[in-house]
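Please look over the model below alongside these notes.

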Amino acid sequence: MITLPHIPFIITIVLYSISSIWSIGYIAKPFVFNKKVATWSMMMGFFVHSGFLVFLGLESGNIPITNVYESFVSLLWCILFVYINLDYLYKLPSLDTFLMPVVTMLSIWALTFDGGDLFITISIPNFWLIAHIIPIFVGYAAFTISFSLSIMYLTQQRQLKHKLFGSLFNKLPSLEGIDKLMWKTISFGFPLLTLGLVFGAFWVRTQNILGEQWYLDYKVVLGLATWLIYAALLHMRLVSSFHGTKIACLTIAGFCLVFFTFIGTFFMGSKHAFQKMSEQTRKEILNIQ
Amino acid sequence: MSILVVGLNHKSAPVEVREKLAFNANNISAALSLFLHKYQTAETVILSTCNRVEMYVSSLEGTLTVEDILSFLADFHKVAVDEFSPYMYHYKDDRTVNHLFFVTASLDSMVLGESQILSQVKEAYTTASMEESTGKVMNQLFQQALNVAKIVHTQTSIGKRKVSISSVAVEFAEKIFQNFTGKTVLVVGAGEMCELLLKHLYEEGARTIVVANRTFERAQEIANAFQGQAIKYELLGEYLANADIIISSTSAPHYVIHVDQVKEAIRHRRGNPMFLIDIAVPRDIEPEVANIDNVYLYNIDDLQSVVSQNIDERTREVEKCRIIVDKEVEHFMARLEEMKIEPAITLLRNHFHAIGKEELERLKPKLKNIPNDDWEQVVYAVERTINKLLHHPAKVAKQEAKNGGGYRYVEIIKKLFGTFHHTDHLQH
């Protein structure tokens with residue numbers, strides 16, 4: 001259901017789509033598709049996106065995660081935020097070609113969650129919620145970028161193996177360079193994920209949000225699995241100094257798990273701090289607490 | 001005024017002829033000053049590279065002919081004219097400009113789009129201007145040629161793709177490794193190609209170089225040249241795991257590096273990629289090595305096919321370059337025509353002002369008591385009148401000259417206003 005207040009997000013999606021098309025087009029026909037169009041439409045999209053989040057936050061008086069849709073929009077914002085900073089720091093050539101389509105797809109998917117009936121049950125001036133959500137979201141963002149990097153790695157690796165030397169080959173950086181960045185993003189995301197999970201566990205224990213058997217919640221179980229897969233990745237890299245294709249494949253698997261944990265669990269029936277409720281009760285909760 | 005080029009290149013003449021006419025750093029200045037001594041009003045630039053010898057000459061009213069230049073070359077190099085004249089080409093005016101722009105943009109080079117010619121033209125021009133053998137025309141011409149070459153190289157991809165085996169191999173290595181510092185290069189065999197590749201990698205920063213060869217002395221020779229380490233050929237297997245880049249070019253009739261060895265090496269390397277270049281025929285590295293994860297194997301055919309693709313790519317760009325060059329030639333010729341008329345206009349202006357001054361001098365004694373301020377007003381009025389009168393004809397003449405026929409206008413100006421004072425310079 002697309003309502004008027006969501007128009008800014010639709011504009012954001014349009015801008016992200018333009019950025020995706022131009023960043024892909026730039027590879028094939030650099031004279032037709034100007035790289036600047038890709039960069040600027042992304043930045044403008046990000047700007048509108050940020051504005052939209054502020055609007056959502058002001059509307060609900062909460063950080064914008066009061067339902068699944070808002071959480072999704074916030075997560076996407078984190079991805080862009082981390083990417084823009086990383087790009088500024090490390091100058092990642094052509095990463096937008098791999099990241100922007102992913103972001104655009106996810107944004108469109110996010111739109112389908114608008115009007116869902118799951119709402120958050122706690123109010124935000126809650127320290128635990130912030131301590132739980134923010135590190136996890138930024139961590140997820142880092143993992144999304146490492147996912148794009150591993151797709152990039154596998155693409156370049158395939159081109160080198162099969163001797164496909166097109167314009168994409170020329171525009172992508174070296175395998176070693178991609179590998180290093182993949183490693184940087186994972187080792188940046190992992191501590192944040194750990195922190196978020198630990199805070200989440202504390203929170204759940206102290207406030208009894210998920211009931212007595214909180215550890216059986218799908219989201220909790222899968223969160224732990226995600227943590228384990230990235231821990232395994234780090235272990236392989238640190239202890240056995242593993243590089244190359246296998247790491248890239250594992251990173252992709254890790255990201256799939258991240259996304260399943262984030263969204264898939266709702267399909268499986270996990271409420272995880274969200275509840276079905278009427279608009280009335282929702283307002284009461286938000287106002288009273 | 002005319003601009004001539006007389007010369008020969010790798011297409012028109014065999015090396016035996018080219019070398020007879022070639023100039024070197026030692027005698028080029030002498031040649032330039034000798035030429036100037038002989039033809040004092042001419043301007044000249046000599047471009048001499050291993051693929052071409054060309055003399056660009058501009059002279060007043062076309063007094064210098066191709067034969068003059070040929071006989072100068074013959075005299076200077078002490079060769080009979082007919083020994084080389086059948087191999088020479090010569091162009092005039094716009095075709096000369098076109099030729100120089102083409103040469104400088106590397107569209108006439110043996111390796112299309114190579115950038116060396118640009119610096120060679122620059123050097124030829126600098127040498128000539130140091131010898132003061134260039135004037136207004138040659139300065140404009142060569143500066144514009146260098147400019148056009150830059151435009152061609154930035155607006156087309158004529159010089160983008162690599163067109164030699166070793167540069168293509170290095171380009172691939174750069175797609176695997178971020179940089180070569182700290183990387184180990186293992187060289188097996190000691191062919192010429194190997195050395196060339198090694199040189200390329202060394203220039204890009206590879207410093208740990210290990211050389212293995214059947215004859216240890218030869219291995220040592222190469223290792224010394226690149227501050228590397230020579231190893232016994234039998235120890236090759238032990239060094240495999242440390243090598244990031246392996247270049248193989250032995251003359252062995254069988255495989256030298258086998259699948260098991262590389263598998264073992266990659267296991268030790270824990271997935272760190274390995275880049276193997278097999279430039280030997282028959283091949284040195286078992287082709288199945290390519291199937292191992294994180295191993296990238298290229299043989300001479302792989303590299304050669306990329307080279308020829310890139311050459312094709314460059315050839316396809318020539319048409320685009322030609323359009324740019326044609327446009328620039330047109331601009332240059334228009335500017336040249338404009339240049340021809342400029343001195344005539346300056347002289348005309350001086351002529352008018354001289355007449356004005358003459359009249360003012362005649363007037364002054366008649367107006368004995370005129371205050372200084374008023375007199376200045378009179379002088380000002382006369383000068384303004386002259387400038388106003390000249391403004392339009394000068395503008396139109398310049399404009400018309402641009403479309404060709406600058407000389408015609410010089411003639412017309414001469415005819416209309418008679419011989420000026422100091423008109424001798426008009427032709428310049």
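**Notes on the predicted model**

1. In β6 of chain B, B:T208 is the bridge partner of B:T184. Five bridges join strand β5 (residues 184-188) of chain B to strand β6 (residues 208-213) of chain B, and the two run parallel. Strands pair if DSSP finds at least two bridges between them; strands (E, at least two residues) and helices (H or I, at least four) are DSSP runs numbered from the N terminus.

2. This is a predicted model, in which local features need pLDDT of at least 70, side-chain atom pairs count only at pLDDT 80 or more, and totals for chains, interfaces and linings use all residues. Residues are numbered from 1 along each chain as its sequence is written, and chains are lettered from A in the order in which they are written.

3. The open sheet of chain B has six strands, in the order β7-β6-β5-β8-β9-β10, with parallel pairing. β7 (229-232) and β10 (295-299) of chain B each have a single partner strand, so one side of each lacks a neighbour in the sheet. From one strand to the next the twist averages 20 degrees.

4. Helix α13 (residues 300-363) of chain B packs on this sheet, where it touches β9 (274-278) and β10 of chain B, and its direction makes about 70 degrees with that of β10(B). Axes are lines fitted to C-alpha atoms, for helices over the stretch in contact, and angles run from 0 to 180 degrees between N-to-C directions. Contact means C-beta atoms, placed from the backbone, within 7 Å.

5. Between the chains, the contact takes 14 residues from chain B and 17 residues from chain A. On the side of chain B that touches chain A, α8 (165-176) and α13 of chain B are the elements that give two or more residues. The largest share, three residues, comes from α8(B).

6. Mean pLDDT (the predictor's confidence in each residue, from 0 to 100) is 89 for chain B, and 97% of its residues reach 70 or more. Over residues 421-428 of chain B, pLDDT stays under 50. The model scores ipTM 0.81 and pTM 0.75.

Methods
Contact = placed C-beta atoms within 7 Å.
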